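Me: I have a new model on my screen and would like to learn how to read it. Could you walk me through it, one feature at a time?

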Amino acid sequence: MAETGRFTLRRSPDEGPGFAEDIRAGLTAVRKVIPPRYFYDELGSALFDAICRLPEYYVTRAENELLGGYRREIAAALGGVRRLVELGSGSARKTRLLLDELAGPLEYVPVDVDVSMLQRTGHELLVQYPSLTVSALSYDFRRAARAVRSMAAPSGSTSVLFLGSTIGNLDADEATALFRDLRAVLNPGDTVLLGADLRKPKAILEPAYNDALGVTAAFNLNLLQRINRELGGQFDLRSFAHRAFFDDNLSRIEMHLVSLREQTVRIEGLGLEVSFTEGETIHTENSYKYDDEMIGALTGKAGFRIEKKWMDTKGWFAEYLLV
Ligand SMILES: C[S@@+](CC[C@H](N)C(=O)[O-])C[C@H]1O[C@@H](n2cnc3c(N)ncnc32)[C@H](O)[C@@H]1O
């Protein structure tokens, strides 16, 4: 644990399989897959920040507008919160809209896989908010509930923020399991604020994941670059292409890396050769798009009820208050 006054950082003692094991399992599976949390190394997080500024990526703008417009009402609905846990906190840019409104001493508990982002953001927030303490958790957010339970009880209620529709990266069963774990560490009067991207026409959804500048393509291809950097992979990035499309039946954007030719790629650090046929893909991300019924089902099974919902003016994004 690293500690400097109002900032502590705790690293997970048991993260389950690491990058190398997950890459081996994913690239030797019948349908090749890489879990989306591996997007976020230092370069990946910087590319995600750039995505948030793209004209096509409406998600961040819509949630910003919504949190900006309703920040007083939302902060009031969180009650006398004294501990604010944020899953997948990233740069916590939107979180600051709520921090501006929350009075009194507050413990902020950002949870993220990108440790350098936790450090940078944590220190920025301490300068900006003198009554804040930051207890950062470098954890997979699917395993963070136990770490929160082991903390000293706060002097008031706890709220969990899960913004940016990061929930959309989880399948229904994974999402319900995460909410069950959260419920087990929350008390009556505690709340969850869940940001969810809503179902909308393909013509709006698909460009958001296929921007003209190619930043989302770079974000996706960085996974192969990361394998090259960290595991001695020999991926030729020009032999793969980014592909993203909306599957209406499953209500999700799927992101893939497509092999542009038949090829075999050596990954030195794993002692592995991976063969690709032309057109074969590595599935790298799902991003589910929701309606009230879907959110009710995911969270209801875990024992939460939707208490309130706020939307942006276009009705594209929603913030759900779960109790
Ligand atoms: C889509 S970004 C959203 C960032 C920010 N909350 C926002 O709304 O702009 C997802 C964030 O969650 C983190 N993340 C992704 N998967 C994670 C996981 N399994 N455990 C912990 N953090 C994760 C990433 O590092 C990244 O900061």
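Reply: Happy to! Keep in mind that this is a predicted model, where local features need pLDDT of at least 70, side-chain atom pairs count only at pLDDT 80 or more, and totals for chains, interfaces and linings use all residues. Residues are numbered from 1 along each chain as its sequence is written.

Me: What does the secondary structure of the chain come to?

Reply: Helices (H or I, at least four residues) and strands (E, at least two) are DSSP runs, numbered from the N terminus. The chain has 10 helices and 14 strands. Its radius of gyration, taken over C-alpha atoms, is 20 Å, close to the 20 Å from the globule rule (2.2 Å times the number of residues to the power 0.38), so the chain of 323 residues is as compact as a globular protein of that length.

Me: How many of the residues count as buried?

Reply: A residue is buried if 20 or more other C-beta atoms lie within 10 Å of its own, exposed if 12 or fewer, and partly exposed in between, with C-beta atoms placed from the backbone. Here 39% of the 323 residues count as buried.

Me: Which residues of helix α5 are buried?

Reply: For a helix, the expected span is 1.5 Å times one less than its number of residues. Helix α5 (residues 115-128) has 14 residues and reaches 20 Å from its first C-alpha to its last, close to the 20 Å expected. Its buried residues are M117, L118, T121, G122 and L125. They lie on the same side of α5, because they cover an arc (of the directions from the helix axis to the C-beta atoms) of only 120 degrees. The face turned away from that buried side carries the exposed S116 and V127.

Me: What covers the buried residues of α5?

Reply: The cover includes β2 (7-11), α2 (42-51), β4 (106-111) and β5 (132-138).

Me: And how do I read a sheet? What order do the strands of the open sheet have?

Reply: Two strands pair if DSSP finds at least two bridges between them. The order in this open sheet of three strands is β8-β9-β12, with antiparallel pairing. β8 (240-247) and β12 (281-288) stand at the edges with a single partner strand each, so one side of each has no neighbour in the sheet.

Me: How many bridges join β9 to β12?

Reply: Strand β9 (residues 252-259) is joined to β12 by seven bridges. Along this antiparallel pair, I253 stands opposite S287 in β12.

Note on methods: Contact = placed C-beta atoms within 7 Å.
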